[in-house]
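Take the sequence and the model together and follow the chain through them.

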Amino acid sequence: MNNINILWVDDEIDLLKPHILFLEQKNYKVTTCKSGTEAVEILDDKNFDIVFLDENMPGLTGLETLNEIKERRDTLPVVMITKSEEEYIMEEAIGNKIADYLIKPVNPNQILLSIKKNLDHSRLVSEKTTSNYQQEFRKIAMDLTMVNSFEEWVNLYQKLIYWEMQLEDIEDTGMFEILESQKNEANTQFGKFIDKNYPSWFEPHVDAPTMSHTLFKNKIVPELSKEQPTLLVVIDNLRYDQWKAFEPIVNNYYKKEQETPFYSILPTATQYARNAIFSGLMPADMEKMHPNLWKNDTDEGGKNLHEADFLEAQMKRLGLSHLKHEYYKITNLKNGKKLVENFKGLKDNDLTVVVYNFVDMLSHSKTEMDVVKELASNDKAYRSLTQSWFKNSPLLEMVQQAQQLGFKLIMTTDHGTINVKNPSKVIGDKDTSLNLRYKTGRSLTYEDKDVLVAKDPKTIHLPSITMSSSFIFAKNDLFFAYPNNYNHYVSYYRNTYQHGGVSLEEMIIPFVVLSPK
């Protein structure tokens, strides 16, 4: 039984009896009237789900009636019905946010379709999305048993993100839970894949993905030229799904030339992964070639204060000194606004690099502030918060200005982040590093099944702090917790966003090249 009330306004309503009978047989409740004035009076007293409104009536015209209705009930769907195909009437009606537009003579099925489109839309989309995902679920489950290359993992992860974003607006929470369990299973398998294959990616003549330390040379350098300035934006800590959430906003100004995800190195942490991008080197090589710039976990002071120096050295090494470049790091709103004000001056650079630090601050403040815990309680909310930030940020103003000035735009990140759910016990000495998703130090004790271990850091091109230092990386959604003060620690960090370990969310990250529209 439909509980849907329809108001139909037409000065020749008697001619529409067959349509009204057809709708009543379908259990819709139809109220009729013959003028705009009458319609407005009825709407003052009674609620309706949808209005069918004749455009050409004596007295108040359809467009005037539409304005009166919208003033009273802004969200009420109004379907305009007209004899006229004149463009200005269509434009007026559409400008006034009509829900649909039908041209006389209308048949009953057109009316029914319009009702379904406007009132059943979300239910029908939900049902279709759910049934499509159910079919895809079986395919993803099969893929999970067979996926065995870094390209296949990228494709699978993109598929999971696509469905996560499709399902986020539907009512069926059961479907969402199925997807969550599929993501968990994918991360378990991905951990095994990385464990087995990651060290070999550094060997010569092995087919390896583009990674943090090869990104600049492989992907960015081919885009640079004297003919067009390039704006390279590195948003710290940006997950692939967060990029997808604000991509439509960027698409208003830029069209996508290529989107080729790449792999963050381990640890998926700023001082390692971002320095690797700008230096074009793995951490062990940074320590060797630039001992004055590289800092280990246990060293005092900021760990990523020398990105501009690393970039300078890399450009020199690649023979790109003839390209004029500048580097900016934005860590607060004031810095961002200042760069926006001076943006026009950047058009003489061949390459302008902007590192934007907001998303990292967001994930850290989620750990420390209850209000952000509420606002970013899960991945859907975290995406939404990132999108809202981007819409209102100086970064969007930079993108708009870059488009007007004809810049090529490259958007990327240093690593992603994962919502950690479960603790894994670890014991280390006082010199053990503090990160929750990786640890480096001597004589670490840990749960074997929970970690990827590099007993000799050199095998994965990481520096050894002491002769006997090793690295461990948390898998899936685990975080490391010390046995002392365990319960307090676990409740404090559970359901916070962390990075440094092995997961699809942290390692497979966006790299996008765009040209101005």
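The text below covers a sheet, a loop residue, a pocket and a cavity.

This is a predicted model, in which local features need pLDDT of at least 70 and side-chain atom pairs count only at pLDDT 80 or more, while totals for chains, interfaces and linings use all residues. Residues are numbered from 1 along each chain as its sequence is written, and side-chain values use heavy atoms, with hydrogens and water left out.

Start with the sheet. Five strands form an open sheet in the order β2-β1-β3-β4-β5, and the pairing is parallel. The edge strands are β2 (29–33) and β5 (100–103), each pairing on one side only. Neighbouring strands of this sheet are turned by 20 degrees against each other on average, direction ignored. Strands here are DSSP runs of E with at least two residues, and helices are runs of H or I with at least four, both numbered from the N terminus. Two strands pair if DSSP finds at least two bridges between them.

Now look at β3, residues 50–54. Five of its five residues are buried, where buried means under 20% relative accessible area, exposed over 50% and partly exposed in between, for a 1.4 Å probe and protein chains only. I50, F52 and D54 point one way, and V51 and L53 the other.

β3 has a partner in β1 (residues 5–9), and the two pair in the parallel sense over four bridges. Here W8 stands opposite F52, and L7 stands opposite V51. β3 also pairs with β4 (residues 78–82), again parallel, over four bridges. There L53 stands opposite M80. The chain crosses from β3 to β4 through helix α3 (residues 62–72), and this β-α-β crossover is right-handed. That term means that, with the strands pointing away from the viewer, the path from the first strand over the helix to the second runs clockwise.

Next, a loop residue. P457 is found between β16 (451–454) and β17 (470–474). Is P457 buried or exposed? P457 is buried, with a relative accessible area of 1%. Its C-alpha atom is separated by 44 Å from that of Q403, 54 residues apart along the chain.

On a 1 Å grid over the protein atoms alone, a cavity is a set of points where a 1.4 Å probe fits but cannot get out; a pocket is an open set with protein on both sides within 12 Å along at least five of seven lines; lining residues have an atom within 4 Å of a point. Grid points are joined across faces, edges and corners, and a volume is the space filled by probe spheres set on the points.

The second largest pocket holds about 320 Å³ of space. Of its 23 lining residues, E164, F176, E180, K183 and D379 are the closest to the centre. α8 gives the most to this lining, with six residues. By class, the lining has four nonpolar, eight polar and 11 charged residues. Nonpolar counts Ala, Val, Leu, Ile, Met, Phe, Trp, Tyr, Cys and Pro; charged counts Asp, Glu, Lys and Arg; polar counts the others, Gly among them.

The structure holds one cavity of 30 Å³ or more. About 50 Å³ of space lies in the largest cavity. Y157, L160, I161, E164, K183, R239, D241 and E505 line it. α7 gives the most to this lining, with four residues.

Terms used: Axes are lines fitted to C-alpha atoms, for helices over the stretch in contact, and angles run from 0 to 180 degrees between N-to-C directions.
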